[in-house]
Amino acid sequence: MSKLTMWNHNLQTLLVGTIMAVSVTLGGCDSTKEDAQNPETNAESSEQAVAEAPVENSAVDNPDLDGATAQQGTPVKYDVSAWNADKGEPLGTDELDSIKSAFGKVISTDENSLDYASNPATKYRFMKTDAPYLDIIDSEKYLELGWYYANPTDSDKEKELSQDHAKKAYQLSRRLMGDEGGKMVADMLSNQIIKNRVIGGQKVELAKCEFYSCMLVINKSAAQTDNS
C-alpha cells in the first residue's frame with residue numbers, strides 16, 4: 001500500500017469517527033430537549049416516586065397527638081387511717097333504722113327489690129338517681145351495702161363522693177363487725193375479694209370492689225352461728 005493510499009484510508013476512518021461522535025452528541029441534546037418540552041411527563045414520574053415512598057404513621061410516631069394514647073387518670077386514694085377516729089356504738093344487723101341513719105337521709109325506697117339471692121327485699125337509696133349511688137338492701141336473710149367505686153378517669157366530684165361513700169361503709173362496718181369489719185372494707189378498697197368468711201361475728205358471703213361497684217353482703221341468718 002502506497003503512502004497516499006494509506007493517508008486516504010486514515011482520513012476516511014477519522015471522518016467516520018467524527019460523524020459518529022457528532023451523532024451521539026446530537027442524540028443526547030435531542031433527549032434533553034424532549035424532556036424539557038414535556039414537563040407533564042417529568043411531573044408524573046416525580047409524583048409516582050413520591051407515592052411509592054414509605055409514609056410514616058404520624059399517629060404512631062407522635063403519641064402526643066389527640067386520640068393517640070389511652071386515657072389516663074389519677075387513682076382514687078382512700079385515707080382509711082383517718083376514718084378510725086369515731087368508732088361509734090356497736091350495731092346488730094337487725095337495727096335497720098340505726099343502720100340507715102349511718103348512711104344519711106333516704107332519698108328513695110323500693111319495696112319491690114331483690115336481695116343477693118333474688119329473695120324479696122327493700123332497697124334504700126341515699127343518692128339521687130343521676131349521682132354515684134349509695135344503697136342498702138335489706139331482706140329477711142341478707143343485709144347488703146352497696147356504693148359507687150370510682151375509676152381513675154372519673155371527675156373529681158365523682159371521686160370525692162366515692163371516697164365519702166367508702167368512709168360511711170367503713171365506719172358502719174366497724175359498728176357491725178368491730179375492727180375486723182373496718183379492715184375488711186380497707187381490703188375491699190385494695191381490690192381484695194372476700195367470700196364466705198366470718199368477720200367480727202358476722203357471716204360475710206361476699207365483699208368486693210370492682211367494675212365501678214362495691215358490695216358487702218352479710219348473711220343475717222348465719223350471724224354468730226357459723227364458725228367455719
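This is a predicted model: local features need pLDDT of at least 70, side-chain atom pairs count only at pLDDT 80 or more; totals for chains, interfaces and linings use all residues.
1. Lys183 counts as exposed because its relative accessibility is 53%, where exposed means over 50% relative accessible area, buried under 20% and partly exposed in between, with a 1.4 Å probe and protein chains only.

2. Residues are numbered from 1 along each chain as its sequence is written, and side-chain values use heavy atoms, with hydrogens and water left out.

3. Helix H5 spans residues 156–189; helices here are DSSP runs of H or I with at least four residues, strands are runs of E with at least two, and both are numbered from the N terminus. Asp164 and Lys168 also form a salt bridge, with 3.7 Å between the closest N and O atoms. Because Asp164 and Lys168 are four residues apart in helix H5, about one helical turn separates them. Asp164 is partly exposed at 34% relative accessible area, and Lys168 is partly exposed at 24%.

4. His165 is found in helix H5 as well. With a relative accessibility of 1%, His165 counts as buried. Leaving aside residues up to four places away in sequence, His165 touches Met127, Pro132, Tyr133, Leu134, Trp147 and Tyr148, contact meaning heavy atoms within 4.5 Å.

5. Helix H4 covers residues 96–103 and includes Ser98. Within helix H4, Asp97 and Lys100 are three residues apart and therefore separated by about one helical turn. They form a salt bridge whose closest N and O atoms are 3.8 Å apart. Asp97 is exposed, with a relative accessible area of 59%, whereas Lys100 is buried, with a value of 17%. A search of the whole structure finds seven salt bridges.

6. Ser98 is partly exposed, its relative accessible area being 30%. The C-alpha atoms of Ser98 and Leu172 are separated by 9.8 Å, although these residues are 74 residues apart along the chain.

7. Strand E1 (residues 108–114) pairs with strand E2 (residues 120–125) in the antiparallel sense over five bridges; pairing requires that DSSP find at least two bridges between two strands. Ser108 has Arg125 in E2 as its bridge partner. The two strands form a hairpin with five residues between them, and Ser118 in the turn has a positive phi of about 65°.

8. One disulfide is found in a search of the whole structure, the criterion being a pair of cysteine sulfur atoms within 2.5 Å. Cys209 and Cys214 form this link, with their sulfur atoms 2.0 Å apart. The link of Cys209 and Cys214 is right-handed, with 115° about the S-S bond. Both Cys209 and Cys214 are buried.

Notes: A salt bridge is a side-chain nitrogen of Lys or Arg within 4 Å of a carboxyl oxygen of Asp or Glu.
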